[in-house]
Amino acid sequence: MYSGSILPFEKKVWLATPTMHGEEMKYISEAYDTNWMSTVGANINEVERIAAEKAEVKYAVALSCCTAALHLCVKLAGEKLYGKPAISHGALEGRRVFCSDMTFDATLNPVVYEGGIPIFIDTEAESWNMDPVALEKAFELYPDVRLVVSAELYGFPGRIDEIKRICEKHGALLIEDAAEAMGATVDGKQCGSFGDYAAISYNGNKMITGSSGGCLLTNSIEDANRARKWSTQAREAAAWYQHEEVGYNYRMSNVIAGVIRGQYPYLEEHLEQKKAVYERYREGLKGLPVEMNPITPGTSPNYWLSAMIIDSDYMCKQVRDDSTAIYIKEHGKTCPTEILEALSGINAEGRPIWKPMHMQPMYRMHEAVGKDGTLRCRTNAYIKGGVVDVGADIFRRGACLPSDNKMTAEEQEVVIEVIKRCFE
Ligand SMILES: *Cc1c(COP(=O)(O)O)cnc(C)c1O
């Protein structure tokens with residue numbers, strides 16, 4: 001138990017920041033010295049080899065970010081399901097797609113880029129990930145749907161194996177957004193290996209980073225080659241710039257790839273540090289009416305972000321509109337808004353749980369209609385497994401805690417004490 005006085009940290013304690021080790025510079029220098037300073041080079045080839053090996057898939061395609069990887073996943077899946085779209089159409093034009101609800105919007109933005117209509121599948125209370133029961137219900141309501149995009153939350157996977165089984169049963173393809181789950185496993189299998197297509201992220205706050213970057217993962221060499229071609233402006237094999245389809249400038253830089261190449265040997269170390277952070281929270285918050293991110297049986301998380309939810313009976317009144325939050329302090333009770341303000345008061349960074357997509361203004365309030373009159377988004381396209389809106393409930397009661405792998409045990413003790421005092 002912490003007994004010192006509580007003063008703001010001189011150096012901010014962050015949610016999650018990059019951790020460099022030195023080897024990154026070696027590979028960046030190599031790129032510089034050999035003048036492979038573009039989107040071709042040994043670092044890119046190595047990142048593709050290592051990423052595929054670590055994720056236990058056959059092929060990885062190195063791209064500028066995970067969002068780009070997800071976009072190309074969506075294009076590959078769309079073409080496989082519905083054929084090559086007309087030049088002015090998206091690959092999913094007017095098609096419904098089942099998507100994770102409580103996630104970063106980058107999970108499903110690419111569905112919308114390609115003209116798809118996201119239908120949000122509620123979160124399972126036991127795992128905080130996509131609810132398989134709600135997904136089954138969704139297939140009953142919309143039997144024509146053939147694509148599911150599912151993300152693993154905060155590096156704590158849910159039942160992605162069950163999601164995959166449901167997809168197979170209904171003849172649907174699965175895109176796995178493993179951006180937050182690099183190194184996590186389900187039944188001993190790496191996250192990123194469950195989807196027909198998957199994406200991982202090297203964004204600055206993820207498990208390892210290139211400052212930016214991402215990979216598309218697949219077991220199909222044709223699909224890997226197609227994604228690689230699209231990512232480099234879709235040039236055809238010809239002496240001049242020959243084009244048969246729309247391209248993108250999505251390829252990873254060889255300099256960024258150098259950083260990622262230097263980071264990969266430290267994935268395990270980062271995971272162990274993040275695990276220690278989670279364990280210290282679990283120990284330190286014992287006795288408070290809170291629960292940490294659930295660990296689903298059979299899974300092994302990467303512990304990317306530690307988060308907690310407050311038991312309903314211990315929630316004080318909290319009201320949020322689209323940009324502000326207020327609360328009324330009650331003795332013995334608290335809420336995420338109070339906790340996040342208290343953390344901010346000691347120069348530590350927390351944040352709310354991802355606000356569910358079905359609560360976002362762009363999906364909540366608008367019915368968007370495509371050029372040809374087809375419905376593109378609708379207000380109530382949100383499917384629950386039971387009666388409770390689980391996503392809204394976790395959002396209301398939950399907060400992500402400072403989870404930086406460089407936070408010291410002493411700093412974390414102060415963070416824990418500040419959380420405890422919110423319950424007084
Ligand atoms: C970080 C993140 C992304 C996007 O990754 P970028 O590499 O920044 O494009 C996508 N999905 C989820 C769930 C993420 O957390």
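Some ground rules. Residues are numbered from 1 along each chain as its sequence is written, and side-chain values use heavy atoms, with hydrogens and water left out. As this is a predicted model, local features need pLDDT of at least 70, side-chain atom pairs count only at pLDDT 80 or more, and totals for chains, interfaces and linings use all residues.

I will take the ligand to begin with. There are 14 residues around it, and Thr67, Asp177, Glu180, Ser201 and Lys206 come nearest; near here is one heavy atom of the residue within 4 Å of the molecule. What is the make-up of that shell by class? It has 5 nonpolar, 6 polar and 3 charged residues. In that scheme Ala, Val, Leu, Ile, Met, Phe, Trp, Tyr, Cys and Pro are nonpolar, Asp, Glu, Lys and Arg are charged, and the others, Gly among them, are polar.

Now the polar contacts, meaning pairs of N or O atoms within 3.5 Å. An N or O atom in the side chain of Glu180 is 2.6 Å from a ligand oxygen. For the side chain of Asn203 the distance to an oxygen atom of the ligand is 2.9 Å, and for a polar side-chain atom of Lys206 it is 3.1 Å. Taken alone, the ligand exposes 380 Å², of which the protein buries 93%, by the Shrake-Rupley method with a 1.4 Å probe.

On to the strands. These are DSSP runs of E, at least two residues, numbered from the N terminus, and two of them pair if DSSP finds at least two bridges between them.

Strand β3, residues 117-121, runs parallel to β18, joined by 2 bridges. Ile121 has Ile383 in β18 as its bridge partner.

Another open sheet has 3 strands in the order β7-β6-β11, with antiparallel pairing. Here the edges are β7 (189-190) and β11 (299-300), each pairing on one side only. Between β6, residues 185-186, and β7 there are 2 bridges, in the antiparallel sense. The partner of Val186 in β7 is Lys189.

Last, which strands does a hairpin of 4 residues join? The hairpin leads from β13 to β14. Those strands, residues 317-320 and 325-328, pair antiparallel over 4 bridges, and Arg320 stands opposite Ala325 in β14.

Key
A polar contact is a pair of N or O atoms within 3.5 Å; within protein, one must be able to donate a hydrogen and the other to accept it, and residues adjacent in sequence count only if both atoms are side-chain atoms.
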